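Dear colleague,

I am passing on a structure that I would like you to look at alongside the notes that follow. Please read them with the model open.

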Amino acid sequence: ERAPLVNASNRKAFVVIDAGHGGNDPGAIGPSKTQEKEVTLAVARYLERYLMNDQIQVAMTRSEDLEILLQPRVDVANLRNADLFISIHANSMPPGNTHVRGIETYYTTPQSKGLADTIHKYVVKELGAPDRRVRSRGLFVTRRAKMPSILLEIGFLSSPAEEALLSNPAYQRKIAKAIRDGVQAYFAENPTDQNKY
């Protein structure tokens, strides 16, 4: 469905949420067999609900268990002039390295650093998770998105302790609320303007 055309003055903020992996691509799998694709979709759905409650317009790159290539994920944001692109992933370490846990946030373009710093700060603070820093890396989705864009690693499925949290709906909601609080803080400092990009 097409988003309604609105002019800059009455335009609602518009965020695209990208639940990583899906379908035949499960992503990382934890020791207890939790699949990254399920965790990312659950968090994305909670985030969608929180943002819509805030009167923010939302599009999901997937809202079910589908495998979607990377370019179409970016297209959802670029072709509809989204204000922000937030890709949600769960991390993993090689087998045997079960003690590493915490939050990492990735960005590629200079315009995305403020968003990365703000969301990262809220997620680390509200989850009380180890801070594994904001990092710059040339990831496909964050490199190709025209608007400020981040890839958020919400925890390590390779850590049994963090896997247990990531598969828990209450914790998934907590992650979504922290991202939402970061989005609100970002928009408070960077009001939306249709002609930005």
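Arg101 counts as partly exposed, because its relative accessibility is 31%, and this residue is found in the loop between β3 and β4. Please bear in mind throughout that the model is a predicted one. Although Arg101 and Pro130 are 29 residues apart in sequence, their C-alpha atoms are 6.6 Å apart in space. Once the neighbours within four places in sequence are set aside, Arg101 is in contact with Pro130, Arg132, Phe156, Ser159, Ala161, Glu162 and Leu165.

Pro110 lies in the loop between β4 and α3 and is exposed, with a relative accessible area of 76%; its C-alpha atom is 9.2 Å from that of Ser136, a residue 26 places away in sequence. Asp83, found in the loop between α2 (70–78) and β3, counts as buried because its relative accessibility is 1%. For Asp83 and Thr98, a separation of 15 residues in sequence goes with 37 Å in space, C-alpha to C-alpha. Thr192, in the segment after α6 (169–189), counts as partly exposed at 25% relative accessibility, and its C-alpha atom is separated by 21 Å from that of Thr108, which is 84 residues apart from Thr192 along the chain.

Turning to the chain as a whole, there are six helices and six strands, and along the sequence they follow the pattern β-α-β-α-β-β-α-β-α-β-α-α. A compact globule of 197 residues would have a radius of gyration near 16 Å, and the protein chain, with 16 Å, agrees with that expectation. Taken along the principal axes, the C-alpha atoms fill a box of roughly 55 × 35 × 30 Å. Buried residues account for 50% of the 197 residues, while the chain exposes about 9,300 Å², of which carbon and sulfur atoms supply 50%. Of the contacts between residues at least 6 apart in sequence, 80% join residues at least 24 apart. As for charge, the mean positions of the 26 positive and 22 negative charges are 2 Å apart.

Helix α3, which runs over residues 113–127 and has 15 residues, reaches 21 Å from its first C-alpha to its last, close to the 21 Å expected at 1.5 Å a residue. The buried residues of α3 are Leu115, Ala116, Thr118, Ile119, His120, Tyr122, Val123, Val124 and Leu127, and they pack against β3 (84–91), β4 (103–107), β5 (131–136), β6 (149–156) and α6.

Most residues other than glycine have a negative phi. Gln55 lies in the loop between α1 and β2 (57–60) and, with a relative accessible area of 53%, is exposed. Arg133 likewise has a positive phi in a residue other than glycine, near 80°, but Arg133 is found in strand β5.

Methods: Residues are numbered from 1 along each chain as its sequence is written. This is a predicted model: local features need pLDDT of at least 70, side-chain atom pairs count only at pLDDT 80 or more; totals for chains, interfaces and linings use all residues. Side-chain values use heavy atoms; hydrogens and water are left out. Helices (H or I, at least four residues) and strands (E, at least two) are DSSP runs, numbered from the N terminus. Buried means under 20% relative accessible area, exposed over 50%, partly exposed in between (1.4 Å probe, protein chains only). The radius of gyration is taken over C-alpha atoms; the globule rule is 2.2 Å times the number of residues to the power 0.38. Contact means heavy atoms within 4.5 Å. Accessible areas come from the Shrake-Rupley method with a 1.4 Å probe; for residues, only the protein chains shown count as cover. Lys and Arg count as positive and Asp and Glu as negative; His and the chain ends are not counted. The place of a charge is taken as NZ of Lys, CZ of Arg, CG of Asp or CD of Glu. The expected span of a helix is 1.5 Å times one less than its number of residues.
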